[in-house]
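We will go stop by stop.

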Amino acid sequence: MNVVSIIISALLGLMFLMAGIMKMSGVKMHVENFRKLGLPQWFRVFTGFYQVVSAVVIIVGIWADGNGWSLWGGLLLALTMLVAALVHVRAKDSAKETMPAVVLFILAAIVLLINL
């Protein structure tokens with residue numbers, strides 16, 4: 001694993017760990033965002049859990065790279081953010097609202113591609 005991949009993996013891992021915990025705990029911003037996007041609240045909890053698991057996988061990959069953890073973590077997070085970007089497009093959100101998902105997708109894809 002190279003330095004770029006380690007830095008991006010650490011940032012993504014911490015970011016998604018925090019975001020997932022916030023979604024699972026029902027932070028008002030996430031509850032309202034899922035409502036605005038027309039998604040059920042059980043899906044918010046599922047998404048939060050999925051993000052926490054994905055974050056743990058990518059963080060473990062920093063130390064246990066030989067086992068493909070970084071590859072799987074990058075794949076899980078890239079899929080998450082691809083779906084998030086598509087949901088924002090479907091909801092006809094502005095580019096400003098959609099861009100964070102696109103940027104996070106690109107970063108997760110970089111981790112995935114580096115670890116192929």
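**Stop 1: Lys36**

Select Lys36. With 48% relative accessibility, Lys36 counts as partly exposed. Remember while you look around that this is a predicted model.

The side chains of Glu97 and Lys36 meet in a salt bridge, 3.6 Å from N to O. This pair links distant parts of the chain, with Glu97 in helix α5 and Lys36 in helix α2, 61 residues apart. Glu97 is partly exposed, at 36% relative accessibility.

Asp93 sits in the loop between α4 and α5 while Lys36 is in helix α2, so the pair ties together parts 57 residues apart in sequence. Is Asp93 buried or exposed? Asp93 is buried, with a relative accessible area of 15%.

**Stop 2: Lys28 and Glu32**

How many salt bridges does a search of the whole structure find? The search finds 3. One of them joins Glu32 to Lys28, with 3.8 Å between the closest N and O atoms.

Select both residues and look along the helix. Glu32 and Lys28 are 4 residues apart in helix α2, which means about one helical turn separates them. In general, an α-helix has 3.6 residues a turn, so residues three or four places apart point the same way. Color by accessibility if you can. Lys28 is exposed at 60%, and Glu32 is partly exposed at 40%.

**Stop 3: Arg44**

Move to Arg44, in helix α3. Arg44 is buried yet has no salt bridge. Which side chain of opposite charge is nearest to Arg44? It is Glu32, 11 Å away.

Show what surrounds Arg44. Setting aside neighbours within four places in sequence, Arg44 is in contact with Lys23, Met24, Gly26, His30, Val31 and Phe34.

**Stop 4: the aromatic rings**

Show the rings. The count of aromatic pairs comes to 4. Start with Phe34 and Phe43, a tilted pair with centres 6.4 Å apart and 55° between the planes. Phe34 is buried, at 6% relative accessibility. Phe43 is partly exposed, at 28%.

Trp42 and Phe43 pair edge-to-face, 5.7 Å centre to centre, with 85° between the planes. Trp42 is exposed, with a relative accessible area of 58%.

Phe34, Trp42, Phe43, Phe46 and Tyr50 form one aromatic cluster.

**Stop 5: helix α1**

Select residues 3–25, which make up helix α1.

Next, pick out the buried residues of α1. They are Ser5, Ile8, Ser9, Leu12, Gly13, Phe16, Ala19, Gly20 and Lys23. What do the buried residues of α1 pack against? They pack against α2 (28–36), α3 (41–63), α4 (69–90) and α5 (95–114). Lys23 is one of these buried residues, and Lys23 is also among the contacts of Arg44.

Gly26 follows α1 and has a positive phi, near 80°. Gly26, too, is in contact with Arg44.

Technical notes:
Residues numbered from 1 in each chain as written. Predicted model: local features only at pLDDT ≥ 70, side-chain atom pairs only at ≥ 80, totals over all residues. Heavy atoms only, no water. Helix = DSSP H or I, 4+ residues; strand = E, 2+ residues; numbered from the N terminus. Expected span 1.5 Å × (residues − 1). Buried < 20%, exposed > 50% of the residue type's maximum accessible area, 1.4 Å probe, protein only. Contact = heavy atoms within 4.5 Å. Lys, Arg positive; Asp, Glu negative; His and termini not counted. Salt bridge = Lys/Arg side-chain N within 4 Å of Asp/Glu carboxyl O. Phe/Tyr/Trp six-rings, centres within 6.5 Å; stacked < 30°, edge-to-face > 60°.
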